[in-house]
Amino acid sequence: MRKRGIKVYEQNRLNTGIEAKFICRGYHERMLLLNDIVAAQAAIHMHRYLGLDISSFKSYEEQYQIK
């Protein structure tokens with residue numbers, strides 16, 4: 001993140017997820033990471049790391065039918 005000039009200056013844990021405020025190229029931005037999505041992504045990465053089959057998992061786009 002240092003190479004890209006991104007600096008996180010505040011983090012808050014909310015009921016719905018984690019909110020992070022950061023500066024990128026002089027602009028102040030806010031990002032909300034939802035608990036459900038973070039948990040799903042963590043599970044997929046752990047399965048891959050352990051060498052388990054993840055073909056039964058649907059992508060976020062497939063699960064929520066996003067085009």
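A: Gladly, and let's begin with a leucine. Leu14 sits in the loop that links β1 (6-13) to β2; helices (H or I, at least four residues) and strands (E, at least two) are DSSP runs, numbered from the N terminus. This is a predicted model, in which local features need pLDDT of at least 70 and side-chain atom pairs count only at pLDDT 80 or more, while totals for chains, interfaces and linings use all residues. Residues are numbered from 1 along each chain as its sequence is written, and side-chain values use heavy atoms, with hydrogens and water left out.

Q: Why is Leu14 called partly exposed?
A: Buried means under 20% relative accessible area, exposed over 50%, and partly exposed in between (1.4 Å probe, protein chains only). Leu14 has 34%, so it is partly exposed.

Q: What makes Leu14, Leu32, Leu34 and Ile37 a nonpolar patch?
A: A patch takes residues with over 30% relative accessible area and no salt bridge; nonpolar side chains (Val, Leu, Ile, Met, Phe, Trp, Tyr) are joined within 5 Å, and like charges within 9 Å. These four form such a patch on the surface, with about 270 Å² of accessible area together. The areas come from the Shrake-Rupley method with a 1.4 Å probe, and for residues only the protein chains shown count as cover.

Q: How do you know that Arg30 forms a salt bridge with Glu19?
A: The term asks for a side-chain nitrogen of Lys or Arg within 4 Å of a carboxyl oxygen of Asp or Glu. In this pair the closest N and O atoms are 2.4 Å apart, so the Arg30 and Glu19 pair qualifies. A search of the whole structure finds one salt bridge.

Q: What is Glu19 in contact with, leaving aside its neighbours within four places in sequence?
A: Contact means heavy atoms within 4.5 Å. Among the partners of Glu19 are Glu10, Leu14, Arg30 and Leu32.

Q: Why are Ile18 and Lys21 called partly exposed?
A: Ile18, in strand β2, has 26% relative accessibility and therefore counts as partly exposed. Lys21, also found in strand β2, has 27% and therefore gets that label too. The C-alpha atoms of Ile18 and Leu32, 14 residues apart along the chain, are separated by 5.7 Å. For Lys21 and Glu10, 11 residues apart in sequence, the C-alpha separation is 5.1 Å.

Q: What is the phi of Arg25, and why is this residue called exposed?
A: Phi of Arg25 is near 55°, a positive value in a residue other than glycine. Most residues other than glycine have a negative phi. Arg25 belongs to the loop between β2 (17-24) and β3 (27-34), and its relative accessibility is 66%, so it counts as exposed.
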